Amino acid sequence: MSRPLIARVDGAALAHNLAVARRAAPHSKILAVIKANGYGHGLVRVARALRAADGFAVLSIEEAALLRGEGYTHPIVLLEGFFHPDELPEIARLRLRPVIHRQDQAEILARARLEHKVDVFLKVDTGMHRLGLAPKRLPDALAALRASPHVGGITLMTHFARADEAGIGIDEPLACFREATQGMKLPVSVANSATVLRHPAAHGDWVRPGIMLYGASPFADQSGADLGLLPAMTLESTLIATRLVRKGEGVGYGAAFVADRDMKVGVVACGYADGYPRHAGTGTPIVVQGQRTRTLGRVSMDMLFADLSNVPTAHVGSPVTLWGADPPAEQVAAAAGTIAYELFTALAPRVPVEET
Ligand SMILES: *Cc1c(COP(=O)(O)O)cnc(C)c1O
């Protein structure tokens with residue numbers, strides 16, 4: 001028997017969540033965002049489950065090449081475009097669609113000698129101030145691209161900084177985008193998961209859902225379940241020890257938890273070296289033997305503690321869910337001051353992943 005920690009990835013849940021995105025944005029094509037190893041779920045596994053998407057978005061040529069190697073002929077967008085002109089022949093050969101987010105990239109691509117035309121996503125910065133051309137620079141970049149025999153289709157894109165925030169939303173950046181792109185008569189792509197779910201007027205030609213496909217909510221005030229999503233990843237383990245801790249005794253490093261009464265404590269085979277967040281303190285939700293309880297004290301490298309006060313029959317070998325349907329990854333993340341995106345993508349390579 002090997003260590004009991006395992007991440008189960010549910011392909012049917014991924015497909016279900018894609019269908020939720022499809023219903024939310026019925027007039028748009030879906031670019032499934034599977035960067036960062038499919039948000040930690042496994043690039044190839046996720047692509048297979050999401051093959052009904054109209055395209056995929058990744059970060060690197062390596063990821064895109066892996067998908068082409070698996071036989072996927074979908075449009076594949078490179079979200080950060082190309083990093084060096086040397087990459088352009090490979091981008092053309094693999095028929096990838098780079099995001100062009102700087103004027104010099106537009107010029108470099110326009111001058112390149114390539115074996116095929118390259119379709120591009122031309123990105124405008126509408127207020128996030130991360131990637132994208134300033135709105136007033138857009139016409140020059142577009143002119144350079146349109147003048148080039150090496151550039152095929154052009155899609156205009158932007159990304160919203162606050163689409164997930166109630167009361168802030170996307171009105172301002174969307175107005176900026178519409179003004180910047182007025183009269184250009186090109187397809188557009190602006191919608192991340194939050195925009196897909198809450199801002200139907202902004203869906204455009206290509207939506208770019210990420211986190212929702214994995215079953216987590218992009219919103220602080222609504223859960224994945226509230227949105228009809230199914231968790232794609234369940235992180236499971238078992239208890240590898242139990243003990244009685246007396247009132248006044250400490251548990252784990254730094255005695256960060258001190259028992260306020262005699263209590264039964266379980267040791268779970270999962271720690272921060274597996275990707276469980278070390279900042280999740282006492283009280284983080286965890287499920288032991290089907291019963292919701294809480295973690296205790298500091299997370300160790302390979303282990304953490306569960307309060308078994310309300311699971312008196314728990315024993316060595318009892319099943320533990322770190323995150324999944326219950327507790328949802330969003331709640332574990334919130335207890336650690338982070339978001340489910342980070343938990344998923346931080347899942348350590350040493351954790352075996354099994355598809356269910
Ligand atoms: C990661 C990413 C997305 C997906 O965002 P979610 O919040 O996960 O839906 C969409 N567009 C761009 C440009 C991204 O980098």
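**View 1. Area buried between the two domains.** In this predicted model, domain 1 and domain 2 bury about 850 Å² between them, 61% of it from carbon and sulfur atoms; buried area is the accessible area (1.4 Å probe) lost by two parts on being put together, summed over both. Domain 1 spans 11-215 and domain 2 spans 233-355, with bounds from an automatic or database domain assignment. Ten residues of domain 1 and eight residues of domain 2 make the contact (heavy atoms within 4.5 Å).

**View 2. Salt bridges between domain 1 and domain 2.** Two salt bridges link the domains, each defined by a side-chain nitrogen of Lys or Arg within 4 Å of a carboxyl oxygen of Asp or Glu. Arg45 pairs with Glu355 in a salt bridge, with 3.5 Å between the closest N and O atoms. On the side of domain 1 that touches domain 2, the elements giving two or more residues are α2 (35-39) and α3 (43-49); helices are DSSP runs (H or I, at least four residues), and strands are E runs of at least two, numbered from the N terminus.

View 3. His203 lies in the loop between α9 (193-198) and β9 (206-207). His203 counts as buried because its relative accessibility is 6%, the limit being under 20% relative accessible area (1.4 Å probe, protein chains only). Beyond its neighbours within four places in sequence, His203 contacts Ala24, Ala25, Ser28, Ala191, Thr195 and Val196. The His203 side chain lies 3.3 Å from the backbone oxygen of Thr195.

**Notes.** Residues are numbered from 1 along each chain as its sequence is written, and side-chain values use heavy atoms, without hydrogens and water. Local features need pLDDT of at least 70 and side-chain atom pairs pLDDT 80 or more, whereas totals for chains, interfaces and linings use all residues.

Methods:
Buried < 20%, exposed > 50% of the residue type's maximum accessible area, 1.4 Å probe, protein only. Polar contact = N/O pair within 3.5 Å; in protein donor to acceptor, adjacent residues only side chain to side chain.
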